[in-house]
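Biologist: I have not looked at this one before. Can you take me through it?
Modeller: Here it is.

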Amino acid sequence: MTDQFSLQDTKVAYDAVATLYAELFSDILETLPLERALLAAFADLVRAGGPVADIGCGPGHLTAHLHGLGLDAFGIDLSSEMISLARQAHPGLRFDEGSMTALDVEDGALGGILAFYSVIHTPPPQLPGVFAEFARVLQPGGHLLLGFFAGDDPQPQEFDHKVTLAYRWSPDSLADLLRQAGLAEVARMVREPQEGERFRQAQLLVRAG
Ligand SMILES: C[S@@+](CC[C@H](N)C(=O)[O-])C[C@H]1O[C@@H](n2cnc3c(N)ncnc32)[C@H](O)[C@@H]1O
């Protein structure tokens with residue numbers, strides 16, 4: 001599978017489900033008190049820094065949440081349909097079509113990055129390149145909050161995600177990859193699945209050096 005094929009595959013899959021995804025998940029934070037608390041802590045850490053990118057923003061609900069927490073937040077997504085829905089739902093905010101594999105962002109321009117369940121579709125061999133890209137655009141001391149499905153195996157595990165192929169990662173393995181990209185762990189949260197969820201859910205908070 002080439003890089004381009006993988007990206008195109010993911011884009012086509014999310015374009016096809018964008019409206020349904022927005023209907024199902026735009027209010028999801030109401031059911032996630034632990035994630036809300038982490039987002040509030042993330043906002044406190046990055047508020048005094050530069051702009052904050054919600055990378056893989058989907059229909060923009062988390063970008064809007066970050067904006068509501070006082071951040072200069074904008075969204076980026078591979079799916080043009082997702083970006084279109086995000087712009088409709090949140091006309092005052094900025095949403096750009098783009099890929100986390102090659103961000104159209106200056107070096108050191110961001111105070112923070114939120115990547116909430118958006119690196120899950122990245123083929124494992126390509127993930128170090130994505131993390132290098134995150135490290136490139138973060139200012140020193142900037143933070144990344146990364147949400148993903150947790151697994152126990154040190155190797156990433158492919159699973160049948162409802163939209164398109166995805167991977168579960170052990171928090172230790174992802175923390176190692178992030179460290180190799182210059183992003184040092186600050187904190188992590190792993191919680192058991194709630195009703196309707198299949199896997200443990202993990203968040204890693206890391207800081208650029
Ligand atoms: C599971 S959804 C998560 C959306 C949102 N962050 C949320 O938590 O509801 C994954 C999103 O990541 C986007 N995505 C996947 N690969 C991407 C890439 N290489 N660059 C930018 N966005 C990507 C998809 O288009 C999709 O909108």
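Biologist: Which residue is the bridge partner of L145 in strand 9?
Modeller: L205 is the bridge partner of L145. Before going on: this is a predicted model, where local features need pLDDT of at least 70 and side-chain atom pairs count only at pLDDT 80 or more, while totals for chains, interfaces and linings use all residues. Residues are numbered from 1 along each chain as its sequence is written.

Biologist: How many bridges join strand 5 to strand 9?
Modeller: Strand 5 (residues 138-149) and strand 9 (residues 201-208) run antiparallel and are joined by 7 bridges. Two strands pair if DSSP finds at least two bridges between them. Strands (E, at least two residues) and helices (H or I, at least four) are DSSP runs, numbered from the N terminus.

Biologist: What packs on the sheet there?
Modeller: Helix 2 (residues 33-46) does, touching strand 1 (52-55), strand 4 (110-116), strand 5, strand 8 and strand 9. Contact is counted if C-beta atoms, placed from the backbone, lie within 7 Å. The direction of helix 2 makes about 170° with that of strand 5. Axes are lines fitted to C-alpha atoms, for helices over the stretch in contact, and angles run from 0 to 180 degrees between N-to-C directions. Helix 6 (residues 171-180) packs on the sheet as well, touching strand 5, strand 8 and strand 9, and its direction makes about 160° with that of strand 8.

Biologist: In what order do the strands of the sheet come?
Modeller: The order is 3-2-1-4-5-9-8, giving an open sheet of 7 strands with mixed pairing. Strand 3 (94-97) and strand 8 (183-191) each have a single partner strand, so one side of each is left without a neighbour in the sheet. From one strand to the next, the twist averages 15°.

Biologist: Is strand 1 buried or exposed?
Modeller: Both of its faces are covered, with V52 and D54 buried on one side and A53 and I55 buried on the other. Buried means 20 or more other C-beta atoms within 10 Å of the residue's own, exposed means 12 or fewer, and partly exposed is in between; C-beta atoms are placed from the backbone.

Biologist: What does strand 1 pair with?
Modeller: Strand 1 pairs with strand 2 (residues 73-77) in the parallel sense over 4 bridges, and D54 stands opposite G75 in strand 2. The chain goes from strand 1 through helix 3 (residues 61-68) to strand 2, a right-handed β-α-β crossover. Right-handed means that, with the strands pointing away from the viewer, the path from the first strand over the helix to the second runs clockwise. Strand 1 also runs parallel to strand 4, joined by 3 bridges.

Biologist: Why is helix 3 called largely enclosed?
Modeller: Because 6 of its 8 residues are buried. Those are H61, L62, T63, A64, L66 and H67. Their cover includes helix 2, strand 1, strand 2, helix 4 (80-89) and strand 4.

Biologist: Changing topic, what surrounds the ligand?
Modeller: There are 20 residues around the ligand, the closest being Y14, G56, G58, L78 and S118. A residue counts as near if its C-beta atom, placed from the backbone, lies within 6 Å. Helix 1 (3-25) supplies the largest share of the shell, 4 residues.

Biologist: Where is Y117?
Modeller: Y117 is in the loop between strand 4 and helix 5 (127-137). Its phi is near 55°, a positive value in a residue other than glycine. Y117 counts as partly exposed because it has 17 C-beta neighbours inside 10 Å.

Technical notes: Two residues are in contact if their C-beta atoms, placed from the backbone, lie within 7 Å.
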